[in-house]
Amino acid sequence: MAHAAQNESNSYERTHFTSELQKLQTGTEVRVAGWIEDFRDIGKLGFIILRDVTGLVQAVLVGENLQKAKSIPRQSNILLKGVLQGTKSKNFPFEIKVEEVFVFSPASLSLPVDPTGRVESNLDTRLDSRALDLRNPKISNIFIIRSNVLKLIRDFFLENKFIEVNTPKIIGSASEGGSNLFSFDYFKRKGFLAQSPQLYKEQLVLALDRVYEIAPFFRAENSHTLRHLNEFLSVDLEAAYLDYYEIMSIVEELIKKILMHLRDSNNIESENSLIRGNALNDLISNPFPKISYEKCLDELNRLGEKVTFGDDLSDSSLKKLGEKYDKFYFIVDWPLSLKPFYIHEKESHPTLSKSFDLQFGYLELVSGGTRQHDVSKLKSRLVEQGLSPESFRDHLRVFEWGMPPHSGCGLGFDRLMMVLLGLSNIREAVLYPRDTSRISP
Ligand code: ATP
Ligand code: MG
């Protein structure tokens with residue numbers, strides 16, 4: 001028996017994750033590392049249930065090793081060296097016969113949340129100790145899936161000739177004229193945190209044709225909802241020569257690809273009926289419905305909501321619509337007056353715009369549209385909206401260098417994760433959420 005002595009070479013070295021042990025033969029010597037989930041002492045024998053990020057393994061100890069194990073607090077970080085053998089346990093197909101126990105880091109006896117999940121804590125308490133909360137496999141699973149979905153998105157864009165870009169998050173002027181910007185001192189001037197990559201991604205289309213960005217953006221909104229954060233991850237795309245209908249097709253294809261992947265991954269545990277339910281095949285094989293803004297108004301008025309042309313859809317309107325359309329659907333052709341200056345009008349109905357939102361029930365997931373690329377129209381739209389073309393000079397000049405027509409959208413990635421995993425609060429889908437009352441840890 002040895003301690004993890006400082007001068008011992010390779011004392012941290014593990015040979016396998018617990019999930020890899022099943023493919024090995026009994027008799028194989030292994031070193032696995034993780035946390036003591038449980039310890040049972042039944043006299044001459046003791047059992048450690050060891051957890052790592054991939055799962056659990058049972059280890060059996062006798063003699064000196066058993067004595068040592070008795071003094072190690074649960075949830076301590078250890079390494080077990082031993083040999084695989086068969087077991088009579090109902091819960092495990094094999095176990096490790098321990099030869100040596102290394103204690104890397106003992107855990108305190110009173111932990112702020114129970115990483116096994118047996119004792120439940122409220123979300124605020126969990127977020128205060130997020131690193132420990134993530135030891136609970138139900139919670140870490142959320143972030144493992146999140147990472148898988150990000151990879152799928154990157155693969156999808158690569159297949160479709162999009163170039164990944166990184167636009168600045170520190171900006172010198174209000175990008176869309178919005179009032180939702182955080183500001184701070186930037187070497188004797190004012191700097192702002194970007195609320196979206198909108199203007200940059202449009203500029204990049206000039207040379208790169210199709211671009212996408214996956215990045216955090218910041219909104220100084222004083223909202224207290226289950227779907228808004230002040231820092232959120234956005235998946236933005238912008239593409240030359242496509243219109244908003246083609247962008248909707250791209251978004252739909254991407255989401256269906258993600259749904260199929262989650263359905264077909266056996267290693268993903270999810271009780272979310274969206275992924276595991278029978279309705280998924282229908283969802284994948286049918287086009288997402290497209291409903292015009294004007295049709296939404298008709299339906300809402302029939303349902304007793306008083307909305308007239310030009311009104312934005314309030315929370316209560318969206319809830320009503322979400323009851324009827326409870327999965328993915330597009331709302332298309334919004335009034336131009338509700339849209340930012342860069343959205344293209346519909347030539348056939350100039351009070352409408354070439355724009356869409358993708359909804360999941362009441363929840364807005366994506367906003368997008370065809371962009372205006374005619375610089376004189378952009379200027380008059382700015383003036384209409386009370387913004388000064390002069391302050392957008394750096395942006396507008398790009399449109400005089402041969403700008404292709406283009407379209408794009410922004411997808412709220414944390415909201416997409418809510419939908420995919422059936423989470424009711426966006427904070428569950430974010431490691432360290434930032435909201436009006438939370439700025440740490
Ligand atoms: P909402 O009306 O829900 O506040 P928005 O219309 O202001 O959203 P957009 O500017 O259209 O949002 O941003 C594109 C997408 O980014 C949204 O559809 C949403 O998925 C996501 N998003 C926007 N703001 C937030 C936020 N504060 N927290 C989380 N996600 C957000
Ligand atoms: Mg929107």
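Predicted model: local features only at pLDDT ≥ 70, side-chain atom pairs only at ≥ 80, totals over all residues.
Reader: Which strands do the buried residues of α1 pack against?
Author: Residues are numbered from 1 along each chain as its sequence is written, and side-chain values use heavy atoms, with hydrogens and water left out. Buried means under 20% relative accessible area, exposed over 50% and partly exposed in between, with a 1.4 Å probe and protein chains only. Those residues of α1 (63-70) pack against β1 (29-41), β2 (46-52), β3 and β5 (94-105).

Reader: Which residues of α1 are buried?
Author: Helices (H or I, at least four residues) and strands (E, at least two) are DSSP runs, numbered from the N terminus. The buried residues of α1 are Asn 65, Leu 66, Lys 68 and Ala 69. They lie on the same side of α1, because the arc they cover around the axis, taken from the directions to the C-beta atoms, is only 160°.

Reader: Where does Val 62 lie?
Author: Val 62 is partly exposed, at a relative accessible area of 45%. Its place is the loop between β3 (55-61) and α1.

Reader: Which residues coordinate the magnesium ion (ligand 2)?
Author: Donors are N, O and S atoms within 2.8 Å of the metal (3.2 Å for Na, K and Ca), and water is not among the atoms, so sites may look incomplete. Glu 364 is partly exposed at 30% relative accessibility, and Ser 367 is partly exposed at 28%. At 2.2 to 2.3 Å, the coordinating residues are Glu 364 (OE) and Ser 367 (OG).

Key. Chains lettered and ligands numbered in written order. Contact = heavy atoms within 4.5 Å.
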